[in-house]
Amino acid sequence: MKNSYNVGIIGATGMVGQRFALLLNEHPWFDVTVLAASSRSAGQTYKEALGDRWCMEEPTPAKYLDMVIYDAEKDIEAIASQVDFVFCAVAMKKDEIKALEELYAKHECPVVSNNSAHRFTPDVPMVVPE
């Protein structure tokens with residue numbers, strides 16, 4: 001087993017993505033190397049993309065502020081080449097989420113998702129934390 005994994009956060013600018021950013025900051029197993037969001041945020045730094053929309057009580061982790069946001073849909077190949085897997089926290093319609101996560105899987109990039117789009121997909125495992 002590896003000591004740590006390079007991971008990405010898809011949907012990093014939304015509330016759930018922000019929570020992922022906090023939870024993964026300084027985590028001993030995961031090193032966040034990619035942040036991705038919608039095309040509206042792509043090309044901006046995390047700080048620019050967030051603006052005044054940081055929703056957490058804790059401050060934005062400094063390590064993310066200057067990271068440039070990837071386009072979660074258009075940059076899949078670039079994202080997949082830099083990470084061992086991604087955490088997905090996008091706010092989209094279920095069919096859009098399903099299609100997006102399947103695209104990552106087709107690029108051999110495992111997805112840990114915070115939504116229910118694949119809840120009843122037979123070959124997608126489900127983890128129940130408690």
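**Talking through a predicted model**

Me: This is a predicted model, so let's start with a cysteine: is Cys55 buried, partly exposed or exposed?
Reply: Cys55 has a relative accessibility of 43%.

Me: How many disulfides does the structure hold?
Reply: A disulfide is a covalent bond between the sulfur atoms of two cysteines. To count here, a pair of cysteine sulfur atoms has to be within 2.5 Å. For this structure the number of disulfides is zero.

Me: Let's move to Gly11. Is Gly11 buried or exposed?
Reply: First find it: Gly11 sits in the loop between strand S1 (5–10) and helix H1 (15–24). Its relative accessible area is 9%, and anything under 20% counts as buried. So even though Gly11 is in a loop, the label is buried.

Me: Which residues is Gly11 in contact with, leaving aside its neighbours within four places in sequence?
Reply: Contact means heavy atoms within 4.5 Å. With those neighbours set aside, the list for Gly11 is Gly17, Ala36, Ala37, Ala89 and Val90.

Me: What distance separates the C-alpha atoms of Gly11 and Tyr70?
Reply: Along the chain, Gly11 and Tyr70 are 59 residues apart.

Me: Which residues are closest to the centre of the second largest pocket?
Reply: This pocket holds about 360 Å³ of space. Its lining has 18 residues, and by class they are nine nonpolar, five polar and four charged. Our buried Gly11 turns up again in the set closest to the centre, which is Gly11, Ala37, Ser38, Arg40 and Ala91.

Me: Now for backbone angles. What is phi of Glu26 near?
Reply: Glu26 is in the loop between H1 and strand S2 (30–37), and at 72% relative accessibility Glu26 counts as exposed. Its phi is positive, in a residue other than glycine, with a value near 60 degrees.

Me: Is Glu108 buried or exposed?
Reply: Glu108 lies in the loop between helix H5 (94–106) and strand S5 (111–113). Glu108 has a positive phi of about 60 degrees, although it is not a glycine. Its relative accessibility is 74%, and the cut-off is over 50%, so Glu108 counts as exposed.

Key. Residues numbered from 1 in each chain as written. Predicted model: local features only at pLDDT ≥ 70, side-chain atom pairs only at ≥ 80, totals over all residues. Heavy atoms only, no water. Helix = DSSP H or I, 4+ residues; strand = E, 2+ residues; numbered from the N terminus. Buried < 20%, exposed > 50% of the residue type's maximum accessible area, 1.4 Å probe, protein only. 1 Å grid on protein atoms, 1.4 Å probe; cavity = no way out; pocket = protein on both sides within 12 Å on 5 of 7 lines; lining within 4 Å. Points joined across faces, edges and corners; volume = space filled by probe spheres on them. Nonpolar A, V, L, I, M, F, W, Y, C, P; charged D, E, K, R; others polar.
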